[in-house]
Amino acid sequence: MPFKEASLILQCPKCDTINYLDPFTFWNFKGKIKCAGCDAIWEYALENGHRQGPPKEGKPPHDKLPGFAQSKDWKPITTKGKVADAPQAREDFQGKPIPIKKSVRGKAVSGSPLTGDDLIGSIPKMFYTGI
Ligand SMILES: [Zn+2]
């Protein structure tokens, strides 16, 4: 039976920091990962989420950072530069809606809060005013 373990977790052999390798980035991976605890570089390979061998010490530069990490006494490590930024579906989208008035097909849509003028000619306004 093949040797299996939680291979999307890389526990640093030097400092015992638990580096979580997010599946989005590391499901199929071969390269160097920097430990978020002690900055040691580990050569590591994963295939379909299963590790292909124990981590081997490598030299900088690293290829990827872990998605999240915890120290051995379970304190989270989220410092920028130690762990990777969360993957974004659109890097240019940072959480504010883009106000639009027309769909890609040119039809009027409301992509922002409506004003009274926007309702001129609308069905709900016709019911309200009777015109
Ligand atoms: Zn370490």
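A nonpolar core is taken here as a set of buried Ala, Val, Leu, Ile, Met, Phe, Trp, Tyr and Cys residues joined through side-chain atoms within 4.5 Å. In this predicted model, the largest such core has 12 residues: Leu8, Leu10, Cys12, Leu21, Phe26, Phe29, Ile33, Cys35, Ala40, Trp42, Tyr44 and Leu46. At least two residues come from each of strand 3 (29-34) and strand 4 (41-47), and strand 4 is the top contributor, with three.

Setting aside neighbours within four places in sequence, Ile33 touches Leu10, Leu21, Phe26, Ala40, Ile41, Trp42, Tyr44, His62, Lys64 and Pro66.

Then there is the metal. The zinc ion takes its protein donors from the SG atoms of Cys12, Cys15, Cys35 and Cys38, which lie 2.3 Å from the ion. Angles among the four donor atoms run from 105 to 118 degrees, making the site tetrahedral; the ideal value for four tetrahedral donors is 109.5 degrees. Along the chain, the donors are spaced as C-x2-C-x19-C-x2-C. Cys12 sits in the loop between strand 1 (9-11) and strand 2 (18-20), and Cys38 in the loop between strand 3 and strand 4, so this pair ties together parts that are 26 residues apart in sequence.

How values were computed
Residues numbered from 1 in each chain as written. Predicted model: local features only at pLDDT ≥ 70, side-chain atom pairs only at ≥ 80, totals over all residues. Heavy atoms only, no water. Buried < 20%, exposed > 50% of the residue type's maximum accessible area, 1.4 Å probe, protein only. Helix = DSSP H or I, 4+ residues; strand = E, 2+ residues; numbered from the N terminus. Contact = heavy atoms within 4.5 Å. Donors = N, O, S within 2.8 Å, 3.2 Å for Na, K, Ca; no water. Tetrahedral: all angles 85-135°; square planar, octahedral: opposite > 155°, others 65-115°.
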